[in-house]
Amino acid sequence: MKPVFISYRRDDTSGYGGRLDDALRHRFGDDGVFRDIDAIRPGADFVATIEAAVAGSGAVIALIGKDWLTITDTSGRRRLDDPGDFVRLEIASALHKGIDVIPVLVEGAGPPGPSDLPESIAVLGRRQAIELSDDRWDYDVGRLIARLEELLGPTAPPGPAPMPTPEPPPALPRRRRSYGGPRLVVLLVGLAAASLVVNRFVDDATSPETTHAASSVRGRDAEVEMGRSLWYAGFKITLQRAVLHTVGDVRRLDVAASLENQGDQDVVLERTIFVESHSRSHELAYSSDLPTVPGRSTGKGTLSFEVGNDFSLGDAVVTFGASDRNQAVVPLGSAGTVASLEPVPVVFAATRLSAGRLTLDVRRAEARADDPLAGGYRQAPRGHRFLVVDFASIATTVPYGQNVFNGTIVVTLPDGTTVAADSLNELPYPDKPAVDFRASYLVDDPPQGAYKLVLRDDATASVDFTVG
(Lines give C-alpha, C1' and ligand atoms only; values in the text may rest on other atoms or scores of the structure.)
Protein backbone atom coordinates (compact mmCIF):
# COMPACT_ATOMS: atom_id res chain seq x y z
CA MET A 1 0.00 0.00 0.00
CA LYS A 2 1.28 3.47 -0.85
CA PRO A 3 1.68 5.71 2.22
CA VAL A 4 -0.65 8.48 3.32
CA PHE A 5 1.00 11.91 3.03
CA ILE A 6 0.04 14.39 5.79
CA SER A 7 0.36 17.99 4.64
CA TYR A 8 0.26 20.45 7.52
CA ARG A 9 1.69 23.78 8.59
CA ARG A 10 3.81 23.75 11.75
CA ASP A 11 2.60 27.18 12.87
CA ASP A 12 -1.03 26.13 12.45
CA THR A 13 -1.63 22.43 13.18
CA SER A 14 1.64 20.93 14.44
CA GLY A 15 0.02 19.30 17.49
CA TYR A 16 -2.84 17.85 15.50
CA GLY A 17 -0.40 16.65 12.84
CA GLY A 18 1.51 14.59 15.38
CA ARG A 19 -1.65 13.25 16.99
CA LEU A 20 -3.10 12.23 13.64
CA ASP A 21 0.23 10.73 12.58
CA ASP A 22 0.18 8.47 15.65
CA ALA A 23 -3.39 7.35 14.97
CA LEU A 24 -2.72 6.54 11.31
CA ARG A 25 0.52 4.69 12.08
CA HIS A 26 -1.37 2.56 14.59
CA ARG A 27 -3.68 1.53 11.73
CA PHE A 28 -1.38 1.49 8.67
CA GLY A 29 2.07 0.98 10.22
CA ASP A 30 5.18 3.18 10.14
CA ASP A 31 5.65 2.67 6.41
CA GLY A 32 2.04 3.63 5.70
CA VAL A 33 2.32 7.30 6.74
CA PHE A 34 4.58 10.15 5.58
CA ARG A 35 4.40 13.41 7.53
CA ASP A 36 7.61 15.42 7.29
CA ILE A 37 10.34 16.15 4.81
CA ASP A 38 12.87 16.19 7.62
CA ALA A 39 15.89 17.16 5.59
CA ILE A 40 16.53 18.55 2.13
CA ARG A 41 20.17 18.31 1.15
CA PRO A 42 21.95 21.60 0.44
CA GLY A 43 21.77 22.34 -3.27
CA ALA A 44 18.83 19.96 -3.81
CA ASP A 45 15.77 21.10 -5.74
CA PHE A 46 13.20 21.34 -2.94
CA VAL A 47 10.31 21.46 -5.44
CA ALA A 48 11.48 18.20 -6.98
CA THR A 49 11.92 16.69 -3.51
CA ILE A 50 8.35 17.53 -2.52
CA GLU A 51 6.96 16.28 -5.82
CA ALA A 52 8.82 12.97 -5.43
CA ALA A 53 7.49 12.46 -1.90
CA VAL A 54 3.92 13.29 -2.91
CA ALA A 55 4.14 11.19 -6.09
CA GLY A 56 4.91 8.12 -3.99
CA SER A 57 1.83 8.53 -1.81
CA GLY A 58 -1.59 6.96 -2.25
CA ALA A 59 -3.54 9.87 -0.74
CA VAL A 60 -2.80 13.30 0.73
CA ILE A 61 -4.40 14.73 3.86
CA ALA A 62 -4.51 18.54 3.88
CA LEU A 63 -4.70 19.36 7.60
CA ILE A 64 -6.49 22.72 7.94
CA GLY A 65 -6.62 24.72 11.15
CA LYS A 66 -8.21 28.06 11.95
CA ASP A 67 -5.15 30.02 10.70
CA TRP A 68 -4.39 27.84 7.66
CA LEU A 69 -5.91 30.32 5.18
CA THR A 70 -4.63 33.55 6.70
CA ILE A 71 -1.20 32.89 8.18
CA THR A 72 1.46 35.25 6.75
CA ASP A 73 5.23 35.33 6.34
CA THR A 74 7.60 37.93 7.83
CA SER A 75 6.81 40.40 5.04
CA GLY A 76 3.06 40.21 5.75
CA ARG A 77 2.18 38.23 2.62
CA ARG A 78 -0.20 35.31 2.99
CA ARG A 79 1.85 32.13 2.76
CA LEU A 80 -0.60 30.40 0.43
CA ASP A 81 -0.02 33.21 -2.08
CA ASP A 82 3.69 32.33 -2.25
CA PRO A 83 4.26 29.96 -5.22
CA GLY A 84 7.15 28.41 -3.26
CA ASP A 85 5.15 27.70 -0.09
CA PHE A 86 5.64 24.08 0.96
CA VAL A 87 1.98 23.45 1.81
CA ARG A 88 0.81 24.93 -1.48
CA LEU A 89 3.40 22.90 -3.40
CA GLU A 90 2.39 19.67 -1.68
CA ILE A 91 -1.30 20.09 -2.46
CA ALA A 92 -0.76 21.40 -5.99
CA SER A 93 1.58 18.52 -6.80
CA ALA A 94 -0.96 15.93 -5.59
CA LEU A 95 -3.84 17.54 -7.51
CA HIS A 96 -1.75 17.74 -10.67
CA LYS A 97 -0.87 14.03 -10.44
CA GLY A 98 -4.48 12.99 -9.80
CA ILE A 99 -3.80 11.85 -6.23
CA ASP A 100 -6.79 12.11 -3.90
CA VAL A 101 -6.53 15.07 -1.51
CA ILE A 102 -8.80 15.03 1.57
CA PRO A 103 -9.30 18.33 3.44
CA VAL A 104 -9.28 17.55 7.18
CA LEU A 105 -10.55 20.35 9.43
CA VAL A 106 -9.38 20.85 13.03
CA GLU A 107 -9.78 23.58 15.68
CA GLY A 108 -13.30 24.31 14.38
CA ALA A 109 -11.94 25.57 11.05
CA GLY A 110 -14.39 25.88 8.18
CA PRO A 111 -13.75 24.46 4.70
CA PRO A 112 -12.02 26.91 2.33
CA GLY A 113 -13.90 27.95 -0.78
CA PRO A 114 -12.37 27.93 -4.27
CA SER A 115 -12.17 31.75 -4.27
CA ASP A 116 -10.16 31.66 -1.01
CA LEU A 117 -7.35 29.67 -2.62
CA PRO A 118 -4.67 30.24 -5.26
CA GLU A 119 -5.61 29.00 -8.71
CA SER A 120 -3.23 26.03 -8.54
CA ILE A 121 -5.12 24.55 -5.56
CA ALA A 122 -8.57 26.16 -5.99
CA VAL A 123 -10.15 22.76 -6.69
CA LEU A 124 -9.42 21.83 -3.04
CA GLY A 125 -12.28 24.16 -2.10
CA ARG A 126 -14.70 21.80 -3.84
CA ARG A 127 -13.43 18.63 -2.16
CA GLN A 128 -15.40 16.79 0.50
CA ALA A 129 -13.96 17.65 3.94
CA ILE A 130 -13.80 15.63 7.16
CA GLU A 131 -13.78 17.36 10.56
CA LEU A 132 -11.75 16.09 13.53
CA SER A 133 -12.98 17.33 16.90
CA ASP A 134 -11.42 16.78 20.32
CA ASP A 135 -14.63 15.55 21.95
CA ARG A 136 -15.14 12.72 19.43
CA TRP A 137 -11.60 12.20 18.19
CA ASP A 138 -11.70 8.40 17.94
CA TYR A 139 -14.99 8.44 16.01
CA ASP A 140 -13.83 11.14 13.58
CA VAL A 141 -10.46 9.46 12.97
CA GLY A 142 -12.35 6.23 12.34
CA ARG A 143 -14.36 7.99 9.61
CA LEU A 144 -11.12 9.27 8.07
CA ILE A 145 -9.53 5.82 8.16
CA ALA A 146 -12.62 4.32 6.53
CA ARG A 147 -12.33 6.90 3.73
CA LEU A 148 -8.61 6.17 3.29
CA GLU A 149 -9.31 2.45 3.09
CA GLU A 150 -11.87 3.14 0.35
CA LEU A 151 -9.12 4.90 -1.61
CA LEU A 152 -6.16 2.65 -0.76
CA GLY A 153 -7.81 -0.69 0.00
CA PRO A 154 -8.13 -2.31 3.46
CA THR A 155 -4.94 -3.28 5.23
CA ALA A 156 -4.57 -5.54 8.24
CA PRO A 157 -3.52 -3.38 11.20
CA PRO A 158 -0.02 -3.97 12.56
CA GLY A 159 0.02 -5.72 15.85
CA PRO A 160 2.33 -7.45 18.33
CA ALA A 161 3.75 -10.89 17.64
CA PRO A 162 1.40 -13.68 18.71
CA MET A 163 1.84 -14.86 22.28
CA PRO A 164 3.08 -18.44 22.69
CA THR A 165 0.38 -20.91 23.53
CA PRO A 166 0.67 -21.73 27.25
CA GLU A 167 1.16 -25.32 28.31
CA PRO A 168 -2.03 -26.81 29.77
CA PRO A 169 -1.94 -27.29 33.54
CA PRO A 170 -1.43 -30.83 34.80
CA ALA A 171 -4.62 -32.83 35.17
CA LEU A 172 -5.96 -33.06 38.67
CA PRO A 173 -6.84 -36.49 40.05
CA ARG A 174 -10.49 -37.26 39.44
CA ARG A 175 -12.72 -37.69 42.45
CA ARG A 176 -15.70 -39.99 42.52
CA ARG A 177 -18.86 -37.97 43.06
CA SER A 178 -21.56 -39.17 45.39
CA TYR A 179 -25.14 -37.91 45.22
CA GLY A 180 -26.46 -39.81 48.16
CA GLY A 181 -28.32 -38.54 51.20
CA PRO A 182 -28.76 -34.75 51.77
CA ARG A 183 -26.82 -33.80 48.60
CA LEU A 184 -29.43 -35.50 46.41
CA VAL A 185 -32.19 -33.49 48.08
CA VAL A 186 -30.32 -30.21 47.50
CA LEU A 187 -29.75 -31.11 43.85
CA LEU A 188 -33.42 -31.91 43.24
CA VAL A 189 -34.55 -28.67 44.91
CA GLY A 190 -32.07 -26.73 42.77
CA LEU A 191 -33.35 -28.34 39.57
CA ALA A 192 -36.92 -27.47 40.47
CA ALA A 193 -36.00 -23.82 41.12
CA ALA A 194 -34.10 -23.61 37.84
CA SER A 195 -37.14 -24.99 36.03
CA LEU A 196 -39.31 -22.24 37.53
CA VAL A 197 -36.80 -19.58 36.43
CA VAL A 198 -36.67 -20.91 32.87
CA ASN A 199 -40.47 -21.04 32.63
CA ARG A 200 -40.71 -17.47 33.97
CA PHE A 201 -38.10 -16.29 31.38
CA VAL A 202 -40.02 -17.90 28.51
CA ASP A 203 -43.26 -16.28 29.70
CA ASP A 204 -41.56 -12.86 29.93
CA ALA A 205 -39.96 -13.24 26.49
CA THR A 206 -43.36 -13.69 24.88
CA SER A 207 -44.99 -10.78 26.70
CA PRO A 208 -45.79 -7.60 24.68
CA GLU A 209 -43.14 -5.55 26.52
CA THR A 210 -40.29 -7.78 25.25
CA THR A 211 -41.52 -8.74 21.81
CA HIS A 212 -38.76 -6.90 19.89
CA ALA A 213 -35.83 -8.10 21.98
CA ALA A 214 -37.01 -11.71 22.20
CA SER A 215 -37.87 -12.00 18.50
CA SER A 216 -34.48 -10.59 17.52
CA VAL A 217 -32.54 -12.91 19.80
CA ARG A 218 -34.42 -15.84 18.32
CA GLY A 219 -33.54 -14.61 14.78
CA ARG A 220 -37.03 -13.38 13.81
CA ASP A 221 -36.98 -9.95 12.14
CA ALA A 222 -39.02 -7.00 13.37
CA GLU A 223 -39.63 -4.14 10.96
CA VAL A 224 -41.58 -0.93 10.48
CA GLU A 225 -42.56 0.99 7.34
CA MET A 226 -41.79 4.70 7.69
CA GLY A 227 -41.87 7.01 4.68
CA ARG A 228 -40.59 10.00 6.71
CA SER A 229 -38.42 12.72 5.16
CA LEU A 230 -35.77 15.01 6.64
CA TRP A 231 -33.20 17.47 5.31
CA TYR A 232 -29.59 17.04 6.39
CA ALA A 233 -26.06 17.66 5.04
CA GLY A 234 -27.20 18.66 1.56
CA PHE A 235 -29.65 15.76 1.17
CA LYS A 236 -33.36 15.25 1.37
CA ILE A 237 -33.45 11.85 3.08
CA THR A 238 -36.55 9.67 3.09
CA LEU A 239 -36.41 6.81 5.62
CA GLN A 240 -38.40 4.00 4.04
CA ARG A 241 -38.15 0.89 6.20
CA ALA A 242 -36.39 -0.03 9.46
CA VAL A 243 -35.50 -3.71 10.00
CA LEU A 244 -34.19 -5.15 13.27
CA HIS A 245 -32.55 -8.56 12.94
CA THR A 246 -29.74 -10.77 14.15
CA VAL A 247 -26.70 -11.65 12.04
CA GLY A 248 -24.64 -14.30 13.79
CA ASP A 249 -23.98 -12.95 17.29
CA VAL A 250 -24.62 -9.33 16.28
CA ARG A 251 -27.94 -7.54 16.64
CA ARG A 252 -28.33 -5.09 13.78
CA LEU A 253 -30.68 -2.30 12.74
CA ASP A 254 -30.83 -1.49 9.01
CA VAL A 255 -32.76 1.55 7.79
CA ALA A 256 -33.33 1.76 4.02
CA ALA A 257 -33.24 5.35 2.77
CA SER A 258 -33.68 7.39 -0.39
CA LEU A 259 -30.94 10.04 -0.71
CA GLU A 260 -31.77 13.07 -2.87
CA ASN A 261 -28.65 15.21 -3.39
CA GLN A 262 -29.79 18.84 -3.43
CA GLY A 263 -26.41 20.29 -4.39
CA ASP A 264 -24.38 20.27 -7.60
CA GLN A 265 -21.42 18.22 -6.36
CA ASP A 266 -21.09 14.44 -6.10
CA VAL A 267 -21.13 13.68 -2.37
CA VAL A 268 -21.55 10.93 0.23
CA LEU A 269 -23.92 11.43 3.16
CA GLU A 270 -22.15 12.82 6.25
CA ARG A 271 -22.00 10.09 8.90
CA THR A 272 -22.65 11.87 12.21
CA ILE A 273 -25.80 9.83 12.77
CA PHE A 274 -26.99 8.03 15.92
CA VAL A 275 -29.90 5.83 17.01
CA GLU A 276 -31.11 5.77 20.62
CA SER A 277 -33.32 3.30 22.46
CA HIS A 278 -33.81 2.84 26.21
CA SER A 279 -31.42 5.81 26.76
CA ARG A 280 -28.57 4.00 24.99
CA SER A 281 -27.02 5.60 21.90
CA HIS A 282 -25.41 3.72 19.01
CA GLU A 283 -23.26 5.29 16.30
CA LEU A 284 -23.70 4.65 12.60
CA ALA A 285 -21.69 1.57 11.58
CA TYR A 286 -18.86 1.94 9.06
CA SER A 287 -20.43 -0.93 7.12
CA SER A 288 -23.41 1.29 6.20
CA ASP A 289 -24.07 1.25 2.47
CA LEU A 290 -23.97 4.96 1.57
CA PRO A 291 -23.15 5.57 -2.09
CA THR A 292 -21.70 8.66 -3.74
CA VAL A 293 -24.73 10.47 -5.15
CA PRO A 294 -24.22 12.74 -8.20
CA GLY A 295 -25.39 16.34 -7.95
CA ARG A 296 -29.14 16.88 -8.36
CA SER A 297 -29.69 13.10 -8.38
CA THR A 298 -31.21 10.48 -6.08
CA GLY A 299 -29.55 7.34 -4.77
CA LYS A 300 -30.43 4.46 -2.44
CA GLY A 301 -28.60 3.74 0.79
CA THR A 302 -28.77 1.85 4.08
CA LEU A 303 -28.06 3.22 7.54
CA SER A 304 -26.76 0.39 9.73
CA PHE A 305 -26.30 0.28 13.51
CA GLU A 306 -25.07 -2.47 15.81
CA VAL A 307 -27.43 -2.45 18.80
CA GLY A 308 -27.94 -4.37 22.03
CA ASN A 309 -30.50 -6.93 23.13
CA ASP A 310 -32.55 -4.26 24.92
CA PHE A 311 -33.05 -2.27 21.70
CA SER A 312 -36.68 -1.74 20.70
CA LEU A 313 -38.12 -0.24 17.53
CA GLY A 314 -41.04 1.14 19.52
CA ASP A 315 -39.02 3.83 21.34
CA ALA A 316 -36.06 4.18 18.93
CA VAL A 317 -35.11 7.64 17.62
CA VAL A 318 -32.57 8.45 14.90
CA THR A 319 -30.65 11.74 15.25
CA PHE A 320 -28.72 13.32 12.38
CA GLY A 321 -25.94 15.78 13.22
CA ALA A 322 -23.63 16.81 16.06
CA SER A 323 -25.08 18.39 19.20
CA ASP A 324 -23.69 21.85 18.41
CA ARG A 325 -25.41 21.86 14.98
CA ASN A 326 -29.01 21.79 13.80
CA GLN A 327 -30.14 18.19 14.35
CA ALA A 328 -32.81 16.31 12.44
CA VAL A 329 -34.69 13.87 14.70
CA VAL A 330 -36.92 11.04 13.43
CA PRO A 331 -38.62 8.40 15.64
CA LEU A 332 -38.66 4.93 14.09
CA GLY A 333 -41.96 4.04 15.72
CA SER A 334 -45.19 6.01 16.10
CA ALA A 335 -44.17 7.78 19.33
CA GLY A 336 -42.08 10.94 19.43
CA THR A 337 -41.79 14.20 17.53
CA VAL A 338 -40.20 14.61 14.11
CA ALA A 339 -37.74 17.49 13.62
CA SER A 340 -37.32 17.25 9.85
CA LEU A 341 -35.49 20.58 9.27
CA GLU A 342 -37.59 21.10 6.16
CA PRO A 343 -36.50 24.22 4.22
CA VAL A 344 -38.69 27.31 4.60
CA PRO A 345 -39.55 29.21 1.38
CA VAL A 346 -38.56 32.84 0.85
CA VAL A 347 -40.85 35.32 -0.91
CA PHE A 348 -39.34 38.32 -2.75
CA ALA A 349 -41.22 41.55 -3.44
CA ALA A 350 -39.47 41.62 -6.85
CA THR A 351 -37.08 39.30 -8.68
CA ARG A 352 -34.93 41.81 -10.63
CA LEU A 353 -32.40 44.29 -9.27
CA SER A 354 -30.27 46.85 -11.14
CA ALA A 355 -27.46 48.86 -9.56
CA GLY A 356 -24.72 50.69 -11.44
CA ARG A 357 -23.46 48.38 -14.18
CA LEU A 358 -25.04 45.20 -12.82
CA THR A 359 -28.47 43.60 -13.30
CA LEU A 360 -29.49 40.67 -11.14
CA ASP A 361 -32.34 38.14 -11.52
CA VAL A 362 -33.43 35.95 -8.59
CA ARG A 363 -35.06 32.58 -9.26
CA ARG A 364 -35.85 31.25 -5.80
CA ALA A 365 -34.58 31.10 -2.21
CA GLU A 366 -35.15 29.16 1.00
CA ALA A 367 -33.97 29.09 4.61
CA ARG A 368 -32.23 25.77 5.33
CA ALA A 369 -30.49 24.06 8.23
CA ASP A 370 -27.82 22.82 5.79
CA ASP A 371 -25.90 24.32 2.89
CA PRO A 372 -25.83 22.28 -0.35
CA LEU A 373 -23.10 24.63 -1.62
CA ALA A 374 -20.60 23.11 0.80
CA GLY A 375 -20.38 19.62 -0.68
CA GLY A 376 -23.00 18.22 1.68
CA TYR A 377 -20.88 18.67 4.82
CA ARG A 378 -22.01 22.02 6.14
CA GLN A 379 -24.71 21.99 8.80
CA ALA A 380 -25.72 25.32 10.35
CA PRO A 381 -24.73 25.92 13.99
CA ARG A 382 -27.53 25.53 16.51
CA GLY A 383 -29.61 28.72 16.56
CA HIS A 384 -28.82 29.61 12.94
CA ARG A 385 -29.97 28.81 9.40
CA PHE A 386 -28.55 29.28 5.95
CA LEU A 387 -30.41 31.53 3.56
CA VAL A 388 -29.69 29.90 0.19
CA VAL A 389 -30.49 31.99 -2.89
CA ASP A 390 -30.60 30.68 -6.47
CA PHE A 391 -29.80 33.37 -9.03
CA ALA A 392 -31.19 32.94 -12.53
CA SER A 393 -28.69 35.41 -14.05
CA ILE A 394 -26.49 38.41 -13.44
CA ALA A 395 -25.28 40.62 -16.29
CA THR A 396 -23.02 43.67 -16.62
CA THR A 397 -22.53 46.54 -19.06
CA VAL A 398 -18.74 46.41 -18.64
CA PRO A 399 -17.35 45.28 -22.06
CA TYR A 400 -14.54 43.16 -20.61
CA GLY A 401 -16.68 41.58 -17.90
CA GLN A 402 -17.04 42.35 -14.22
CA ASN A 403 -16.18 40.31 -11.14
CA VAL A 404 -18.96 39.71 -8.63
CA PHE A 405 -17.61 38.89 -5.15
CA ASN A 406 -18.95 38.08 -1.68
CA GLY A 407 -19.63 41.73 -0.86
CA THR A 408 -21.41 42.50 -4.14
CA ILE A 409 -24.67 40.77 -3.18
CA VAL A 410 -25.43 40.97 0.54
CA VAL A 411 -28.37 40.45 2.89
CA THR A 412 -29.49 43.01 5.46
CA LEU A 413 -30.98 41.41 8.59
CA PRO A 414 -33.96 42.83 10.50
CA ASP A 415 -31.59 44.47 13.03
CA GLY A 416 -29.68 46.22 10.24
CA THR A 417 -26.68 43.87 10.26
CA THR A 418 -25.22 43.10 6.84
CA VAL A 419 -24.23 39.52 5.98
CA ALA A 420 -22.01 38.77 2.98
CA ALA A 421 -22.35 35.66 0.85
CA ASP A 422 -20.06 32.67 1.29
CA SER A 423 -17.59 31.94 -1.52
CA LEU A 424 -19.37 33.96 -4.21
CA ASN A 425 -17.14 34.56 -7.25
CA GLU A 426 -18.76 35.10 -10.66
CA LEU A 427 -17.59 36.83 -13.85
CA PRO A 428 -20.48 37.94 -16.06
CA TYR A 429 -20.13 39.61 -19.49
CA PRO A 430 -22.63 41.74 -21.45
CA ASP A 431 -23.28 38.96 -23.96
CA LYS A 432 -22.79 36.07 -21.53
CA PRO A 433 -24.50 36.52 -18.14
CA ALA A 434 -23.59 34.33 -15.20
CA VAL A 435 -26.55 31.97 -14.85
CA ASP A 436 -27.78 29.36 -12.39
CA PHE A 437 -25.49 29.97 -9.44
CA ARG A 438 -26.11 30.06 -5.69
CA ALA A 439 -25.09 32.08 -2.68
CA SER A 440 -25.67 31.31 1.01
CA TYR A 441 -25.92 33.60 4.04
CA LEU A 442 -25.90 32.62 7.72
CA VAL A 443 -28.91 34.11 9.57
CA ASP A 444 -30.62 33.60 12.94
CA ASP A 445 -33.09 30.77 13.47
CA PRO A 446 -36.01 31.22 13.33
CA PRO A 447 -35.54 33.79 10.54
CA GLN A 448 -38.23 36.36 11.31
CA GLY A 449 -38.78 40.00 10.36
CA ALA A 450 -38.03 42.19 7.34
CA TYR A 451 -34.99 41.29 5.22
CA LYS A 452 -33.40 42.92 2.19
CA LEU A 453 -31.31 41.53 -0.66
CA VAL A 454 -28.86 44.27 -1.64
CA LEU A 455 -26.90 44.63 -4.91
CA ARG A 456 -23.85 46.90 -4.68
CA ASP A 457 -21.96 48.47 -7.57
CA ASP A 458 -21.43 52.17 -8.31
CA ALA A 459 -24.96 52.45 -6.95
CA THR A 460 -27.01 50.32 -4.55
CA ALA A 461 -30.37 48.63 -5.08
CA SER A 462 -32.34 46.42 -2.73
CA VAL A 463 -35.46 44.28 -2.64
CA ASP A 464 -37.47 43.23 0.43
CA PHE A 465 -38.23 39.60 1.20
CA THR A 466 -39.87 37.54 3.92
CA VAL A 467 -39.13 34.04 5.19
CA GLY A 468 -41.99 31.58 5.55
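Which residues does Phe320 touch, not counting residues up to four places away in sequence? The views below start from the whole chain and then close in on the answer.

**View 1. The whole protein chain.** This is a predicted model. The protein chain has 22 strands and 6 helices. Of its 468 residues, 44% are buried. Among contacts with a separation of 6 or more, 68% join residues 24 or more positions apart. The chain exposes about 24100 Å². Carbon and sulfur atoms supply 52% of that area.

**View 2. The largest nonpolar core.** This core holds 35 residues. Ile237, Leu239, Leu253, Leu269, Leu303 and Phe320 touch the most other members. Strands that give two or more residues to this core include E6 (222-232), E8 (250-261) and E11 (298-307). Strand E7 gives the most, with 5 residues.

**View 3. The surroundings of Phe320.** Here is the answer to the opening question. Leaving out residues up to four places away in sequence, Phe320 touches Leu230, Tyr232, Ile237, Leu239, Thr272, Ile273, Leu303, Asn326, Gln327 and Ala328.

View 4. Glu225 has Arg241, in E7, as its bridge partner. In the hairpin, 2 residues lie between the strands. Ala233 sits in the turn, with a positive phi of about 55°.

How values were computed:
Residues are numbered from 1 along each chain as its sequence is written. This is a predicted model: local features need pLDDT of at least 70, side-chain atom pairs count only at pLDDT 80 or more; totals for chains, interfaces and linings use all residues. Side-chain values use heavy atoms; hydrogens and water are left out. Helices (H or I, at least four residues) and strands (E, at least two) are DSSP runs, numbered from the N terminus. Buried means under 20% relative accessible area, exposed over 50%, partly exposed in between (1.4 Å probe, protein chains only). Contact means heavy atoms within 4.5 Å. Accessible areas come from the Shrake-Rupley method with a 1.4 Å probe; for residues, only the protein chains shown count as cover. A nonpolar core is a set of buried Ala, Val, Leu, Ile, Met, Phe, Trp, Tyr and Cys residues joined through side-chain atoms within 4.5 Å. Two strands pair if DSSP finds at least two bridges between them.
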